[in-house]
Amino acid sequence: MDSQRRSKQRRERIDIIAAWSRTGILEERQRLLIEDQFAERVARAGSRFFVPLPLTHSDDLWYNTQVSFLLEALDALPRRPDIAFDSVWKVLEKSAHAWWSAPPKKGPNITDALGRLSADPRLSNPVTEALLGEIPSQTCGYLFKRLITREPAESSGRALTRLSMGYGPGDALPGMITDFLALVEKKYAAADGDTARRGAALLRRALAGETLDIAGTQVNLSLPARLRILLCGLLYTARNERYHGESFSPFYSSAASIKTYTHPHYLFLAAYALVHLLWAHSGHPYAPTLNAVEENTVTNLHEARTLYARHWTG
């Protein structure tokens with residue numbers, strides 16, 4: 001991208017705030033070019049964008065608190081899937097804590113809760129397989145930077161530490177994941193653009209459950225190992241970077257494109273599906289059925305693929 005276009009985008013961001021400083025924010029602001037392009041794509045794609053899973057009425061206070069954040073997430077769609085992810089993450093975090101201890105009792109910290117969740121056999125099911133089989137290329141590129149080329153260093157270090165930790169006696173997943181990442185790093189770490197794309201594509205295949213030959217070594221990650229990468233390597237890392245302001249707000253970047261939307265859209269879909277998967281196993285009267293969660297997850301992945309087409313995997 002040339003410096004003139006980048007400078008123009010920076011000026012547009014400042015001009016938006018300047019205009020609001022004169023009128024107040026009740027007037028709709030001028031959209032950036034990528035926002036217009038995305039809105040046009042949504043309008044003509046024939047996709048429903050996202051279909052929520054119907055919920056059961058309950059007077060349970062904890063449940064209704066989580067429903068409030070689900071509504072907050074849905075209000076952000078379709079324009080801001082990144083903000084929708086932020087809201088659903090709150091529900092995922094509370095649901096992960098509740099998995100190990102009934103509210104209001106204090107459970108493990110969120111790092112331990114997510115790590116232990118990934119090894120729970122109840123979560124190794126068609127819902128997680130569907131999510132892991134449809135990761136967009138943009139998200140795999142994000143993972144490649146954090147786990148292989150280790151960018152940015154601080155966020156990458158935290159993610160790799162979470163993946164190398166054991167979360168209970170006999171936890172074999174850290175060794176499996178560390179060995180896999182070491183093989184990928186040995187082959188792809190000194191990555192130019194083309195090598196990085198091939199490395200990200202290999203991550204995508206590995207997370208989908210394919211058996212791979214990496215420099216003569218056969219590798220097939222178990223479903224719990226792949227789920228741990230999803231939970232502790234991807235979702236938690238993305239949440240932390242957004243919460244701590246370590247990553248650029250995606251759609252205000254001069255480099256934003258339609259493909260940019262695929263990453264936060266997937267983060268939102270994955271977090272949403274995992275919330276309802278946890279609820280399905282909770283035994284509460286408001287719990288959805290496992291079949292309903294699986295059907296809804298497959299539906300929403302299909303809607304996303306329909307919307308983004310080649311931008312999802314290209």
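1. The largest pocket holds about 1100 Å³ of space. A pocket here is an open set of points on a 1 Å grid over the protein atoms alone, where a 1.4 Å probe fits, with protein on both sides within 12 Å along at least five of seven lines. Its volume is the space filled by probe spheres set on the points, with grid points joined across faces, edges and corners. Bear in mind that this is a predicted model, in which local features need pLDDT of at least 70 and side-chain atom pairs count only at pLDDT 80 or more, while totals for chains, interfaces and linings use all residues. Residues are numbered from 1 along each chain as its sequence is written, and side-chain values use heavy atoms, with hydrogens and water left out.

2. Who lines the largest pocket? There are 36 lining residues, and Gln138, Gly141, Tyr142, Lys145 and His263 lie nearest the centre; lining residues have an atom within 4 Å of a point. Two or more residues each come from α4, α7, α10, α11 (223-243) and α12 (258-280), with α7 giving the largest share, eight. Helices are DSSP runs (H or I, at least four residues), numbered from the N terminus. By type, the lining has 15 nonpolar, 12 polar and nine charged residues. Nonpolar covers Ala, Val, Leu, Ile, Met, Phe, Trp, Tyr, Cys and Pro, charged covers Asp, Glu, Lys and Arg, and the others, Gly among them, are polar.

3. Now have a look at how α7 packs. Helix α7 (residues 137-147) meets helix α10 (residues 193-207) at about 105°, with the axes 8 Å apart, so α7 is roughly perpendicular to α10 (65 to 115 degrees). On the α7 side the contact uses Ser137, Cys140, Gly141, Leu143 and Phe144, and on the α10 side Ala196, Gly199, Ala200, Leu203, Arg204 and Leu207; contact means heavy atoms within 4.5 Å. Seven of these residues are nonpolar, three polar and one charged.

4. Check the two cis peptide bonds. One runs from leucine 77 to proline 78, with omega near 0°, and proline 78 is in the loop between α3 (61-75) and α4 (81-100). Another joins glutamate 151 and proline 152 at an omega of about -20°; proline 152 is in the loop between α7 and α8 (153-164).

5. Phenylalanine 49 isn't a glycine, yet has a positive phi of about 70°. This residue is in the loop between α2 (33-45) and α3 and is buried at 6% relative accessible area (buried means under 20%, with a 1.4 Å probe and protein chains only).

How values were computed
Axes are lines fitted to C-alpha atoms, for helices over the stretch in contact, and angles run from 0 to 180 degrees between N-to-C directions. Angles under 35 degrees count as roughly parallel, over 145 as roughly antiparallel, 65 to 115 as roughly perpendicular and the rest as oblique. Buried means under 20% relative accessible area, exposed over 50%, partly exposed in between (1.4 Å probe, protein chains only).
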